[in-house]
Amino acid sequence: MNRRIRLVASVILLPVLIMLLSSCWDNHELDTLFIVTGVALDKADDPEQLDITLQIGKTKSNTSGSGESNSQQDSTILLKTTAYTMMEGLMEFNRDSSRTLLLQHNQVLLLGSALAEQGIKDRIDLFLRDHEARMEVLVMIADGRADKVLSAKLDQEKISGMFLAREMQDLYAVSPYYKIRMLDFASRLRDGITSPVAPIVAMEETDNKQEIKFNGFAVFKDGKMIGRLNNDEVMGYIWAMGNVKKCGVVADCDMGRAVFQIINLDTERDVTLRPDGVVRVTLSVNATLNIGELRGFKGKTSQDLMRYLIDLAQSEIRRKITDTFETTQTLNADIYGIGTSVHRKYPKEWKEFKNRWNELFPDTELDVQVQVHLPTTGQIIKSMEMEETRRED
Amino acid sequence: MRIDKGQISGTQFMFSVACFIQASALLATFISTVTLQDSWLVLLFGAVLCLPLIWLYRTLMVMFPDQNLLQILVEVYGPVVGKVIGVAYIWFFFTLASLNLTDLGNFTKLTIMQETPNMVLALMCVLVSAFAVRNGIKLVTRYSTLFAVITFILLSIGIILILNQIKLENFLPMFDQPFGKYVQGIHIISTIPFGELVVFLMIHPYVKLSRRNTTKYLLLGFGLGVITILGVLLPNIGVLGNLLDIFTLPTLVILRLVNLGMALSRMEIIFAVILVMLLFFKITLLYYVSVLATAQLFKVKAYRHLALAAGALIIAYGFTLYPSLVEHAASAQEITPFLWTPFEILIPLLTFCIAKLRKLPKTSKEMAKEQEV
């Protein structure tokens, strides 16, 4: 009797379990999804509103090989709308489209420069809150309108969102400070002391060819974009932060032009408080370089040249770091996190400094000490020009 | 008067303790929102400060090797007062079980199944738990070793994968917050994960242990649990820095950040697996203890019949406890530590003192015999 009841119970229970455990509520089939690969936010005519553009990578297979010309156009869909908040925009997209939007594979959040100047602190809530949102989404600023970058038809990559993600992955190998994820951005935005930065990209059109160019960094303060660093100044920033691998240093002088490749560049930062209340930052840069290319330098012997090149590289690195630092001081934006360093080293004094950091940062003194090593010269020891001078002797 | 005939070994007991604490580890937001980057220090301080508490539980276990908490209470305070306190404890066990069930539902929703109704998740968990509870202590604790080991393995994998994103400067500055915050943090850590070990006073009669081994296994289990919480907290702080306190589930966020060469990424499923597994264990144990306590109070011999009814009660109770996660978290920070303090610290301490004064453990066997006669 008991057994029979058990049998009946399990026969009833098992199908119920199968139905419930298969989580039918959360099924997402590939053919019912729109996989978002990029989000662009732009300033709308109404300052309260946003122009939202979503780039969707099509899941269609291209194996048929029937058309070459349409493959590029067809690989993405752009959805556009204008709404007060991001979520309202998403709701509208979901209502008006045949498939559900999937934000989990979003590669990049592009902010138009006009919107960035207007302020973005209250615009990114969804990108932190939504359960599909990931903190590893890249944050970038578009020169001009962001939707133009998303709509770019590139030769290298079919989907511009993927292009940006891969480009950043490459730059990340150069220095982790190139890649600004939502986590890094939001962390600085919340901090209030360290100014957030984000890479600027721009779509350029030449001869019917569209390209996306890397155009320096945007500097934020209080959630608003207040200035930018050009590509050279970005170098100065990256070097000042340290942990750089494989990046170029170009030095120009009367004797010629030398290009070095960084094998490893590390920067140690030390802050000290002077008795008169001025913060002094010491950056000790320790770089191992490789000679990439030399042009000129006639009449130098190899040994002289090495010493000369080391000096040249040191002064070039120092110059770039100092230049960038001065630019940020004029912007009054502490992108290095010097305030945070002071906080960590002098927690007691910091309580008083915290509110005055805006006044203190422009007066901060910078001391850069560069130590360069040139262990190898590449495949050749002497250059062609140097060789010639020898023969003439 | 033993309701459940099962017995468990010392190792199982140890891993049960470890699992029980581990289950709280992934929800360590309770302290990390209070003490931020110093949470790991607070955890260590809290653990050290809890050692006397653990010693107190251990002493009670050794003093009354054959009686569980409710029997001890009756023994020490007499039948009337003892039973009143016993009822309060039953409420405590039920509330804990319901709270953990709510957590399981909420966090499963946040991590993997967004659209699945809470009720379904709770029901599935309770049905499986009920099966274990009906089969007694042996089945309840059987998988503790497995769960604890899997947790260690998965957590280690997670930590290794996220290692390159940990920034050591995020741990600085130390001791930067007002003193009160540290006290609050230590209070929370000692009542929410550690003090809840008081439930093991309900099951210690089923453990085959000598006096010395009780201490050994209890402390080892406690140590394993603390290491796990530390292993969860340290990467959280190191990766998230000043954003630590804005996320509901920091561990989920950092596992989502894992990105090693594009291929090894999106590891949050690790979190979901550990979370569901450990919370299931904790709920089952609490559920079992609640059922056992109820059966004992009402002198029901066949406690099995209570299992499903108690399960239904736990589910229903869970849904009425907190209207939202925010309120749950807020009360976990401000109210719960005070509410739990009498159950976890004051009553056991008082019981211990009175028992010592009345020299109860010596006569306990005789009294038990008298009762049986």
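The points that follow take up a strand of chain A, then a helix residue, a surface patch and the cysteines of chain B.

1. The model is predicted, and the remarks below should be read as remarks on a prediction.

2. Strand β5 of chain A covers residues 108–112. Five of its five residues are buried, so β5(A) is largely enclosed by the rest of the structure. A:V108, A:L110 and A:G112 point one way from the strand, while A:L109 and A:L111 point the other way. In a regular strand, side chains alternate between the two faces of the sheet. Here the residues pointing either way are all buried.

3. β5(A) has pairing partners in β1(A) and β6(A). Strand β1 of chain A, residues 33–43, pairs with β5(A) in the parallel sense over four bridges; within this pairing, A:L109 is the bridge partner of A:V39. Strand β6 of chain A, residues 138–142, also runs parallel to β5(A), and five bridges join the two. A:L138 in β6(A) is the bridge partner of A:V108.

4. In chain B, F222 lies in helix α11, which spans residues 211–240. B:F222 counts as buried because its relative accessible area is 4%, under the 20% limit. Beyond its neighbours within four places in sequence, B:F222 is in contact with B:V17, B:I21, B:A47, B:C50, B:L51, B:I54, B:F194 and B:L197. B:F194 is 28 residues away from B:F222 along the chain, and their C-alpha atoms are separated by 8.0 Å.

5. Chain B also carries a nonpolar patch on the surface, formed by B:M119, B:L123, B:L127, B:V128, B:L308 and B:F319. Together these residues have about 510 Å² of accessible area. Helices α6 (118–135) and α14 (304–321) of chain B each supply at least two of the residues, and the largest share, four residues, comes from α6(B). B:L127 is located in α6(B). At 38% relative accessibility, B:L127 is partly exposed.

6. Which cysteine sulfur is closest to that of B:C19? The closest is in B:C125, and because the separation is 14 Å, the two are too far apart for a bond. B:C19 is itself buried, at 0% relative accessible area. B:C50 is in no disulfide either, the nearest cysteine sulfur being that of B:C353, 18 Å away. B:C50 is buried as well, at 2% relative accessibility, and is one of the residues in contact with B:F222. Over all chains, the structure holds zero disulfides.

Conventions:
Residues numbered from 1 in each chain as written. Chains lettered and ligands numbered in written order. Predicted model: local features only at pLDDT ≥ 70, side-chain atom pairs only at ≥ 80, totals over all residues. Heavy atoms only, no water. Buried < 20%, exposed > 50% of the residue type's maximum accessible area, 1.4 Å probe, protein only. Contact = heavy atoms within 4.5 Å. Patch = residues over 30% accessible without salt bridge, like charges linked within 9 Å, V, L, I, M, F, W, Y side chains within 5 Å. Areas by Shrake-Rupley, 256 points an atom, 1.4 Å probe, with all protein chains shown as cover. Salt bridge = Lys/Arg side-chain N within 4 Å of Asp/Glu carboxyl O. Disulfide = S-S within 2.5 Å. Pairing = 2+ DSSP bridges.
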